[in-house]
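Subject: Handing over the structure, with notes on what was found

Dear colleague,

I am passing on the structure to you below, so please have it open beside you while you read. My notes on what was found in it follow directly after.

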Amino acid sequence: MDASDLSNFDLEKLNEKDKAELRQFLGNENQKARVQSTEPRLSIVKAGPAASHANPRLSRERYEFRLTSAPPLSVVVHSLTDMCWKKCVTGSIKQGAMDKNEQSCMANCADRFLDASSLTMKHLQNLRQG
Amino acid sequence: MDSESVKAEVIKQVRQQYAMTNARELIEKVNEHCFEKCVPKPGSSLSSGEQTCFTHCMEKYMAAWNQVSTTYITRIQRGD
């Protein structure tokens, strides 16, 4: 949350009890937004100057693997919808509802993509240990 | 403003921001995909056919979004 967004409120006026409650609320909201999975995700990031802590065995040229926490729920849903729409809604649009085929295609597409990405994770972890 | 109402206002703003970010992303995607589908060859104005297509496409994209969201949430709740 950006600090400047709250600039029109007098946060000084918050008493200790309300400050604690707000902290709790923000913690919950972030948790909800992220829906942490049990294991961290492996992501590939561009290697920058601050990347010295990364495992040197896994870095290649300008890219490196890094363990990150799961992306926010809404980010995942938006990108899956984006990708699966291209695969599943191929004909011209004649009505506002999805037909049975499109519906199951969207569900399968999202599920299989997540299967595939966890497969990638497992494979990379094996490489790391091996 | 007393402490209680400052707190309530902050909570309201945070919720609004989450909702706005989500809506903005959805609108952007709808425009991108539906323009591609419904306006393959842009003419001098949007034809009524293109406009109808856009309305349907918008509803359809939102249905698709909901489908993916349900699938993803079910999966998370299953625990993998």
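A:Cys88 and A:Cys105 are joined by a disulfide with an S to S distance of 2.1 Å, where a disulfide is taken to be a pair of cysteine sulfur atoms within 2.5 Å. This pair links distant parts of the chain, since A:Cys88 sits in helix H2 (residues 73-88) of chain A and A:Cys105 in helix H3 (residues 100-129) of chain A, 17 residues apart. Helices here are DSSP runs of H or I with at least four residues, strands are runs of E with at least two, and both are numbered from the N terminus. The angle about the S-S bond is -75 degrees, and the link of A:Cys88 and A:Cys105 is left-handed.

Please keep in mind that this is a predicted model, in which local features need pLDDT of at least 70 and side-chain atom pairs count only at pLDDT 80 or more, while totals for chains, interfaces and linings use all residues. Residues are numbered from 1 along each chain as its sequence is written, chains are lettered from A and ligands numbered from 1 in the order in which they are written, and side-chain values use heavy atoms, with hydrogens and water left out.

Are the two cysteines of this link buried or exposed, or something in between? A:Cys88 is buried, with a relative accessible area of 7%, whereas A:Cys105 counts as partly exposed at 27%. Buried means under 20% relative accessible area, exposed means over 50%, and partly exposed lies in between, with a 1.4 Å probe and protein chains only.

Over all chains, the count by this rule comes to four disulfides. When the bonded cysteines of chain A are numbered in sequence order, their pairing is 1-4, 2-3, and for chain B, counted along the chain, the pattern is 1-4, 2-3.

Turning to chain B, there are two helices and zero strands. Which cysteine does B:Cys34 pair with? B:Cys34 forms a disulfide with B:Cys57, and their sulfur atoms are 2.0 Å apart. The pair links distant parts of the chain, with B:Cys34 in helix H1 of chain B and B:Cys57 in helix H2 (residues 48-78) of chain B, 23 residues apart. With -85 degrees about the S-S bond, this link is left-handed; B:Cys34 is buried at a relative accessible area of 0%, and B:Cys57 is buried at 0%.

Another disulfide of chain B joins B:Cys38 to B:Cys53, with an S to S distance of 2.0 Å. B:Cys38 lies in helix H1 of chain B and B:Cys53 in helix H2 of chain B, so the pair ties together parts that are 15 residues apart in sequence. The link of B:Cys38 and B:Cys53 is left-handed, with -70 degrees about the S-S bond. B:Cys38 is buried with a relative accessible area of 6%, and B:Cys53 counts as buried at 13%.

For chain B as a whole, buried residues make up 34% of the 80 residues. Helix H1 (residues 3-38) of chain B also contains B:Arg15, which is partly exposed at a relative accessible area of 48%. Leaving aside residues up to four places away in sequence, B:Arg15 touches A:Phe25 and A:Glu29, where contact means heavy atoms within 4.5 Å.
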